[in-house]
Amino acid sequence: MASVIDQAKNTLAENFGHGADKLATHSFSLDQTPDLSGKVAVVTGGSQGIGYGVTHTLLSHNVSKLYILSTDEQVVRGAKEAIAKDMGKDVADRTEWIHCDLSDWKQVKDVAEKIKSQEERLDILINSAARGIMTYQLTDYGVDRHMAVNHMAHVILTSHLLPLMKETAEKKGTTVRITNQASNVHESVPKDLKFESLDDLNQDLGPNTQYGRSKLAAILYARYFNRKVTQNGHPNVLMNATHPGIVSTKMSTQDIHEPFPLGGYAMSAGLEPFKKDQFEGAKSTVYAATLIESSGNYICPPAVPEPGSAASQDERLQDSLMELTRKVVMDKTKRESADQGCPFDDLVLH
């Protein structure tokens, strides 16, 4: 009976705000974030919503340098002004914005290479930016936009930054951490889901399933990485996936109306009184990015390890996803990388 009660409490804590996280079996508050002096971090989508909650927390705990990757300079400027007001201009000046359109994989690679050229260490990588619950769309590469942006772009970014992260762990004698933003929506994908071909990826499965599939990929990638990197010679390089809960962000208040013009009001307005704010939504990510000591986990707010769906635990599905990721990325970017005399760094897929 106790486990059923704990499960119910965790469900409330994981998904809703206004103090519900105090019910969780594993506690964590942003005040428990350790001192990050001397550390360097990269956050995709770090200027608004959950990403802003994360960057604000990292800066308030003395991170030395913070790269924010996003497409909207105006939003970043507003975030930087808010940080300067809260913590002072010197803290805000520790941030550097880099324009990065995650649907443009060559640009993602170039951004990673720029960061590597500027830094001698990288301690934290937070893969947070995402396309939300929206309609089916292809990128210019001809790949489902949810998978291309939410998963594949972050694999590319991570793969190019990984040599620096490995070096940081080895030479600085520290633990480096990577987090992927997932979601409990991953549990809603079809049980017969496959990652066998681009045709599989490019099926229009509907807004919720498109989004959920990309979030399943975030967990599969973390568990694959744990097997192939953390447990394969790099014990201090960790990757974990996180669920933020139901958070009041642009995704849940505005973007939801793109696929559901009327029905979206249940999410945007009906659930608004129960949603987490951006700082509550940042807790699981901050915990996984600064304190966790293991890899391949799925962490729900505030710091609750959950098994996730059966699919998220399937090693064969992990392998299929990452083999297909490598094939699609290489096929779509070969002309603008290797064929131009610029070798496309080997993705961490085997």
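I looked up Tyr141 first: with 14% relative accessibility, Tyr141 counts as buried. Buried means under 20% relative accessible area, exposed over 50%, and partly exposed in between, with a 1.4 Å probe and protein chains only. The model is predicted, so I noted that local features need pLDDT of at least 70 and side-chain atom pairs pLDDT 80 or more, while totals for chains, interfaces and linings use all residues. Residues are numbered from 1 along each chain as its sequence is written, and side-chain values use heavy atoms, without hydrogens and water.

**The aromatic pair.** I searched the whole structure and found three aromatic pairs. Trp105 and Tyr141 form one that is stacked, with 4.7 Å centre to centre and 15 degrees between the planes. Rings of Phe, Tyr and Trp (its six-membered ring) pair if their centres lie within 6.5 Å; planes under 30 degrees apart count as stacked, over 60 as edge-to-face and the rest as tilted. The partners are 36 residues apart: Trp105 lies in helix H5 (residues 105–118), and Tyr141 in the loop between strand E4 (124–127) and H6. Helices (H or I, at least four residues) and strands (E, at least two) are DSSP runs, numbered from the N terminus.

**Trp105.** I then checked Trp105, which counts as buried because its relative accessibility is 0%. Leaving out residues up to four places away in sequence, Trp105 touches Tyr141, Met152, Ile156 and Val328, among others. Contact means heavy atoms within 4.5 Å.

**The cores.** Which residues have the most contacts inside the largest nonpolar core? I recorded Leu69, Trp105, Ile115, Phe195 and Phe225, in a core of 58 residues. Helix H6 (residues 145–171) gives the most to this core, with 13 residues. Apart from it lies another core of 24 residues, including Phe28 and Val43. A nonpolar core is a set of buried Ala, Val, Leu, Ile, Met, Phe, Trp, Tyr and Cys residues joined through side-chain atoms within 4.5 Å.

**Strand E4.** I followed E4 next: Ile124 and Ile126 point one way, Leu125 and Asn127 the other way, and all are buried. Three bridges join strand E1 (residues 40–44) to E4, and the two run parallel. Val43 has Ile126 as its bridge partner in E4. Four bridges join E4 to strand E5 (residues 176–181), again in parallel. Two strands pair if DSSP finds at least two bridges between them.

**The whole chain.** Finally, I noted 12 helices and eight strands in the protein chain. Of its 350 residues, 56% are buried.
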